[in-house]
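This report goes through one structure by topic, from local backbone features to the arrangement of the chains.

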Number of protein chains: 2
Amino acid sequence: MTKEIGVGLIGFGVIGSQVARLLTSEKDRFQDQTGVPITLKRVKVVKADLERPLVGIIGPSLFTTDEDDFFATPGIDIVFEAIGGEEPAFSYLKRAIASGKQAVTSNKEVIAKHGMELTVMAKEHNTSLRYEASVGGGIPIITPLKRDLVANKIRGIYCIINGTTNYILTRMSKEDMDFASTLKSAQELGYAEPNPVNDIEGIDAAFKIAILATLAFRKRVRPEEVYREGISRLRSQDFRYARELGFTIKLLAMTKDDNGAIETRVHPVLLPQEHPLAKVDGVLNAIMVDGDLTGQVVFVGQGAGPLPTSSAVVADVIAAAREVISGQAEQLPLLSGDATIKPMDDVLTRYYIRMSAADQPGVLAQIARVLGMHQISIASVIQKESDSKSQTAEIVIMTHQALERNMRMAIEEINELEITQEVSNFIRVEA
Amino acid sequence: MTKEIGVGLIGFGVIGSQVARLLTSEKDRFQDQTGVPITLKRVKVVKADLERPLVGIIGPSLFTTDEDDFFATPGIDIVFEAIGGEEPAFSYLKRAIASGKQAVTSNKEVIAKHGMELTVMAKEHNTSLRYEASVGGGIPIITPLKRDLVANKIRGIYCIINGTTNYILTRMSKEDMDFASTLKSAQELGYAEPNPVNDIEGIDAAFKIAILATLAFRKRVRPEEVYREGISRLRSQDFRYARELGFTIKLLAMTKDDNGAIETRVHPVLLPQEHPLAKVDGVLNAIMVDGDLTGQVVFVGQGAGPLPTSSAVVADVIAAAREVISGQAEQLPLLSGDATIKPMDDVLTRYYIRMSAADQPGVLAQIARVLGMHQISIASVIQKESDSKSQTAEIVIMTHQALERNMRMAIEEINELEITQEVSNFIRVEA
């Protein structure tokens, strides 16, 4: 009989310290869940962490800055890695698994890059790797994909999975603000990091959609295989035109299975205002899974923050504890190799194109001719009053479905027309 | 080593036959999930089922109408009960569990009434009972409550959990139709049963919220302890007034933990138009779980139909198969006894009251006086043009929060006033 489950925690930042607090304050309740006490045994920190006020609460003797000391602590059954980033997190997780410990992490980068290797390694060592907190914060999505939706052939996953960008886009849309000042305000309010590149450029979302695609299709999708565009090219008039056309603009992370070719991309999209994800505003996250049996299932909630994230982490810790008690690793299937990625050139979608052109007769005809030559047909056009100084007009075109390859060639040619000043933006449309 | 997992199916209606079809047609894919083939071994039917076209597809030798014959079939590891209703389903599940088999059911009535007894019995026989399909069709909600959200103290669950009534209310709201003709149309389209009482009166929703409350609070909530009102008292003007006031009307199933007193109720409510559940229309289901760590998490999808339901059933069958292979029952905690139910009289909420009264001066003052005597304060009033023939006016009052006990006494007294014709409806408000 297992008498106690020991947890070792690596990292004492916002997430790590919240998990430590929860394991300590709710110990009785979590014991009810497993029948055995779950005890925080050791915390691996860096020196700076020792200044945090919580250190006193947890008990100073639990802390160590020494890796070997941490791993030599007796009675650690479960290691929770909460430092983030690729290294040394990846090495710590390997070390934990190699010694047969249960591994739990909230680290999307390590899982997106090395999840397959760590899972295989865990299976070899008769233990498990869990990472519910790596995507969607408090929203259950990893376990639902691993267990609850496995009877489905997943057709696609569509998500708003980065709270920072969704907060910025929501304010740009509702308050008619420009990108730079919205970002600045988000940083001041703590919704965006001082260095926001991971969020703004879709890197964070790309890690997450790579993880979800890999689980959904049971073939590895690497984060560098995710086509990625950030939100910094969006202008306030894009939101106005989108609204006029019945759409809203969101940074969507999506993956689709097109007869075995996996499309995986993160970029701004126009969503129809009645789309299930169109009303997901502010820092909320939402994940829509489209299965052949379930149809569309949507999960919505807080995708970040210490409390929601600790919900996912502690659920994993409790599941790991049950596994230690039963002595049986999860019988989950391994992946069946690498996914075949559909080249971005082959993606078929509708487009929104905004351009400035000379305000003179025949301009639209020339643009339409170029589009037509590339098999792109126009669904609707908005032409806005010209700028009288520069003698240019702003033209917004919505196309029917077209190939990305054709669209890129058409835009190049439109840019070379004498009458066009520039194609200022083009945004894909999801229906 | 387990060489094969055998499934016995009881019932060959819409759900049973779809699960049989899926286990047969997707056998290879489900084998990938467990490493072992999952084989349909026997199907217990009633004579009428033998007329169904699918019987030929599955192979006639698999069918039996004899219970003993079914349970004596060698190699059945998992029994899926798909007949619905309390008996004989309950007896079949007991018999399956008593013989150490894994039990899977989509039967909300049996689980709401006997889930605790069956779970205890399963633990005694070192096996498990699974019932993901009993609530929310293809939406994962049972497993998320059992595993993914266990770190939370659940504060409440709010759901639209009956597709038939949501379809009817959506049409009444959007098409300004009355209840009787909407029900008739829903029946003609197959969205409502010929005998719709279980849906219309909230009985189905009460079974489901009893199941969710029991899981969320880990104390038994019996279906007869759920306060229940159906939708048949709603009139088209209620929808019009609600819209005017910024609300929509939904049949909500909800449960809340008020310091250990569990509120569990199913009845129509006014929801603010910006509420996360207000836009869940048609046959869709949605379940909002409010946890102390996650905050509000919302799950939306198709709550009924053979395909979504079979997704949940087969996920349970695969989980049961993994358990057979590992030889270890799930280490889930048992319930800790019966819930303390908060009496409906003690419920505190806002109210919408619609009444007809004499069209004469001083009427509102008299009504307000009665409400005030019962500590009910008025938030807003709509008085509609009088019916010139009967000399009556329609008055709609929105109150601030009040106790149900006080509201019922006030309505009795208002009904006795000479100037009031009747209180036509009162509907609780959720914010």
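## Backbone geometry

A:P88 sits in the loop between β4 and α5 (89-98) of chain A; helices (DSSP runs of H or I, at least four residues) and strands (runs of E, at least two) are numbered from the N terminus. The peptide bond leading from A:E87 into A:P88 is cis, with omega near 5°. In chain B, a cis peptide bond connects B:E87 to B:P88, with omega about 5°, and B:P88 is in the loop between β4 and α5 of chain B.

A:N126, in the loop between α6 and β6 of chain A, has a positive phi, near 50°, and is not a glycine. Most residues other than glycine have a negative phi, and most peptide bonds are trans.

## Basis of the values

The model is predicted: local features need pLDDT of at least 70, side-chain atom pairs count only at pLDDT 80 or more, and totals for chains, interfaces and linings use all residues. Residues are numbered from 1 along each chain as its sequence is written, chains are lettered from A and ligands numbered from 1 in the order in which they are written, and side-chain values use heavy atoms, with hydrogens and water left out.

## The sheet of chain A

Chain A has an open sheet of 6 strands with parallel pairing, in the order β3-β2-β1-β4-β5-β6; two strands pair if DSSP finds at least two bridges between them. The edges are β3 (63-64) and β6 (129-130) of chain A, each of which pairs on one side only. Strand β2 (residues 38-44) of chain A runs parallel to β3(A) and is joined to it by 2 bridges. A:K44 has A:T64 in β3(A) as its bridge partner.

Helix α13 (residues 306-326) of chain A lies across β1 (5-10), β2, β4 (78-81), β5 (102-105) and β6 of chain A, at about 175° to β5(A). Such angles run from 0 to 180 degrees between N-to-C directions, with axes fitted as lines to C-alpha atoms, for helices over the stretch in contact; contact means heavy atoms within 4.5 Å.

## The sheet of chain B

In chain B, 6 strands form an open sheet with parallel pairing and the order β3-β2-β1-β4-β5-β6. β3 (63-64) and β6 (129-130) of chain B are at the edges with a single partner strand each, so one side of each has no neighbour in the sheet. Two strands there, β2 (residues 38-44) of chain B and β3(B), pair in the parallel sense over 2 bridges, and B:V43 is opposite B:F63 in β3(B). Helix α5 (residues 89-98) of chain B packs on the sheet and touches β1 (5-10), β2, β4 (78-81) and β5 (102-105) of chain B, its direction making about 155° with that of β5(B).

## Relation of the two chains

## The interface

The contact takes 47 residues from chain A and 47 residues from chain B. Of the interface residues of chain A, 100% are also interface residues in chain B, so the copies meet through the same surface. Chain A and chain B bury about 3,900 Å² between them, 55% of it on carbon and sulfur atoms; buried area is the accessible area (1.4 Å probe) that two parts lose on being put together, summed over both.

There are 14 residue pairs in polar contact across the interface of chain A and chain B, both residues at pLDDT 80 or more. A polar contact is a pair of N or O atoms within 3.5 Å; within protein, one must be able to donate a hydrogen and the other to accept it, and residues adjacent in sequence count only if both atoms are side-chain atoms. Elements giving two or more residues to the side of chain A that touches chain B are α1 (14-25), α2 (27-34), α7 (142-148), β12 (295-302) and α13 of chain A. α13(A) gives the most, with 11 residues.

## Salt bridges

Over all chains, the whole structure has 66 salt bridges (a side-chain nitrogen of Lys or Arg within 4 Å of a carboxyl oxygen of Asp or Glu). The count between chain A and chain B is 2. A:K153 forms a salt bridge with B:E26, with 3.6 Å between the closest N and O atoms. Within chain A, the side chains of A:K113 and A:E109 form a salt bridge at 2.7 Å, N to O; both residues lie in helix α6 (residues 108-124) of chain A, 4 residues apart, about one turn of the helix.
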